[in-house]
Amino acid sequence: KKDEPAAKFKGQLPANWKKLGLSDEQVQSVYKVQGKYNEEIDKLDAKIKELKAAMDKERRAILTAEQKKRLEEILLGKDK
């Protein structure tokens with residue numbers, strides 16, 4: 001409806017942007033732009049995490065059983 005105010009976007013301004021004296025309209029525009037990209041960024045972050053896990057699995061497959069055991073000891077801080 002025309003009488004109702006537009007939905008307000010929520011978010012967080014980039015570092016130091018609060019010091020710029022942005023109008024409410026500018027703040028809402030920044031939040032809108034961030035919302036536009038955040039979903040895609042989240043998807044790409046998830047894909048990166050997935051690829052890193054796959055890479056780690058393949059790298060560990062190269063190790064011998066003894067090397068895997070030694071790596072676990074090192075990672076658990078038992079390498080003293």
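**Salt bridges and exposure, by the cut-offs**

Glutamate 72 and arginine 60 form a salt bridge, with the closest N and O atoms 2.7 Å apart. This is a predicted model, where local features need pLDDT of at least 70, side-chain atom pairs count only at pLDDT 80 or more, and totals for chains, interfaces and linings use all residues. Residues are numbered from 1 along each chain as its sequence is written, and side-chain values use heavy atoms, with hydrogens and water left out.

User: Why is the contact of glutamate 72 with arginine 60 called a salt bridge?
Analyst: The term asks for a side-chain nitrogen of Lys or Arg within 4 Å of a carboxyl oxygen of Asp or Glu. Here the closest N and O atoms are 2.7 Å apart, so the pair qualifies.

User: What makes arginine 60 partly exposed rather than buried or exposed?
Analyst: Buried means under 20% relative accessible area, exposed over 50%, and partly exposed in between (1.4 Å probe, protein chains only). Arginine 60 comes out at 26%, so partly exposed it is. Glutamate 72, at 35%, gets that label too.

User: How do you know that arginine 70 and glutamate 73 form a salt bridge?
Analyst: Their closest N and O atoms are 3.8 Å apart, so the pair makes the cut-off. Both sit in helix 2, 3 residues apart, about one helical turn.

Technical notes: Helix = DSSP H or I, 4+ residues; strand = E, 2+ residues; numbered from the N terminus.
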